[in-house]
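Hi,

Here is the model I promised to pass on. My notes on its charged pairs follow below.

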Amino acid sequence: MTGAGAAGPWDARRRPGKIIAVHVNYFSKVAKGGSPPEHPSYFLKPSSSVASTDGRVERPAGTEYLTCEGEIALVVGTTARRVSRAAAWSHVASVTAANDLGLLELRAQDGGSNLRSKGGDGFTPLGPSLIDARTVDPAALRVRTWVNGDLTQEDTSAGMIFPLEQIIADLSQHLTLDEGDVILTGTPAGSRGVAPGDVVEVEVDAPAGRGKPTSHRLRTTVAAGQVPFDSALGALPEPFDSQLGASPEASDRPALSPQLRDKLSRAPVAGLSAQLRKRGLNNVTLDGLAPLSAGTKIVGTARTLRFLPNREDLFAAHGGGYNAQKQTFDAVAPGEVVVIEARGERDAATLGDVLAMRAHVRGAAGIVTDGGVRDSEAVAAIGIPVFSAGNHPAVLGRRHVAWDQDLTIACGGAAVQPGDVIVADTDGVIVIPLPLAEEVVDAALAQEDEDSWIAEQVKAGHPVKGLFPMNAQWRARYEQWQEQR
């Protein structure tokens with residue numbers, strides 16, 4: 001690749017002279033958890049971290065906190081040294097997708113350099129296609145990340161704290177950017193932990209550009225490493241939060257099938273509630289709870305945790321150390337929802353940002369509590385869906401003692417058993433017995449189709465009498481419409 005513009009496939013066998021990455025560069029990343037940095041800061045990744053040609057990356061043996069971060073990657077086309085911001089983009093040959101993988105357990109030991117935490121072999125997948133930089137607006141690039149088919153990150157270069165041209169010009173005043181060097185420009189909100197078997201896809205494109213140029217999806221499969229680190233050679237990985245202890249294996253409870261999870265994600269809670277009521281289940285809403293972030297939805301199976309009213313002698317025996325609360329957040333499995341019984345007590349928190357991060361890294365589908373949440377802005381920034389009774393700055397010891405887990409609890413006035421299906425959206429939170437979930441969601445989606453058709457008829461000017469609910473004549477018209485679809 002030569003010159004100031006290049007397109008085509010990325011050669012996965014090729015290693016850049018250097019890879020430079022920006023630490024923090026999206027407003028979405030800091031919107032609810034701190035202030036934007038005043039100036040860009042950087043770290044280096046070794047060229048050996050470029051992904052292997054088979055698209056696999058190992059999570060090292062004995063580690064758990066491997067995170068994926070979708071990023072816009074720039075490939076330098078011509079040497080840049082002390083270039084102006086106005087001229088900076090002319091030195092970029094290509095744009096492509098990158099996955100900036102990292103081990104949180106090694107972050108503290110690296111002291112900000114990220115050499116080991118983000119420099120492992122295969123920790124910088126790039127490609128698969130190159131977009132000619134001359135054909136796109138650097139302020140109109142989009143990056144998206146999917147984990148196992150679920151969209152986890154989406155943002156554009158317009159949401160960057162430091163524009164791409166500024167990053168290039170700033171770097172060039174400190175060091176020479178050579179042809180083929182790669183610059184990783186930061187990741188937006190929504191990065192998450194991944195485990196062996198997970199598939200991560202990242203795509204960079206220019207939706208408004210001529211021909212809608214795209215890098216296509218960069219696909220990386222996570223595999224389990226077999227060789228542990230040698231403690232005689234250097235510092236070993238440490239838990240992201242050392243107070244939480246070792247993490248047990250994933251739950252062996254029945255999980256939702258991808259098909260059932262997809263249907264539940266499309267069904268509104270109000271519709272599910274109506275179908276449960278038709279089947280005689282009226283006490284299935286978790287009342288008094290609201291999402292920490294607007295537009296949040298949760299679909300998953302319950303992992304339960306119970307708090308008792310605080311009593312000093314019981315707290316001394318059960319509340320400190322590696323208690324039931326920490327054990328539950330250590331044990332939550334991908335797709336599960338931590339459901340906490342706090343008796344509707346809002347005058348103390350039931351979790352904060354560290355435990356929310358733990359659940360997020362574990363792949364939990366969400367957290368539901370009828371108590372309070374502390375560090376609410378930081379929790380919201382993590383990206384895991386949370387429904388609660390409100391926010392409170394006090395720790396749980398003010399009102400609660402973490403008592404036991406994995407049992408039937410009462411949350412928001414409803415009984416919740418381990419393995420029950422939890423669905424939450426803007427209208428509230430609902431619990432569905434797992435054996436009924438398929439039947440209920442199919443009926444709810446069918447009713448949604450019917451209601452949408454009725455709404456179209458009302459919009460067209462028809463009165464609701466005889467239409468809502470439908471009489472025999474309207475029912476016949478609806479069924480005819482269905483057959484013609």
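A quick definition before the details: buried means under 20% relative accessible area, exposed means over 50%, and partly exposed is in between (1.4 Å probe, protein chains only). This is a predicted model, where local features need pLDDT of at least 70 and side-chain atom pairs count only at pLDDT 80 or more, while totals for chains, interfaces and linings use all residues. Residues are numbered from 1 along each chain as its sequence is written, and side-chain values use heavy atoms, with hydrogens and water left out.

I went through the salt bridges (a side-chain nitrogen of Lys or Arg within 4 Å of a carboxyl oxygen of Asp or Glu). The count comes to 26.

One of them joins E201 and R217, with 3.4 Å between the closest N and O atoms. E201 sits in strand β14 and R217 in the loop between β14 and β15, so the pair ties together parts 16 residues apart in sequence. (Strands are DSSP runs of E, at least two residues, numbered from the N terminus.) R217 is partly exposed at 38%, whereas E201 is buried at 14%.

Next, D406 pairs with R303, the closest N and O atoms being 3.5 Å apart. D406 is in the loop between β24 and β25 and R303 in strand β18, so this bridge links parts 103 residues apart in sequence. R303 is buried at 5%; D406 is partly exposed at 37%.

D404 and R306 also form a salt bridge, at 2.7 Å. Here strand β24 supplies D404 and strand β18 supplies R306, so parts 98 residues apart in sequence are tied together.

Finally, look at R142, R144, E154, E203 and D205, which are linked in a salt-bridge network.

Cheers

Conventions
Helices (H or I, at least four residues) and strands (E, at least two) are DSSP runs, numbered from the N terminus.
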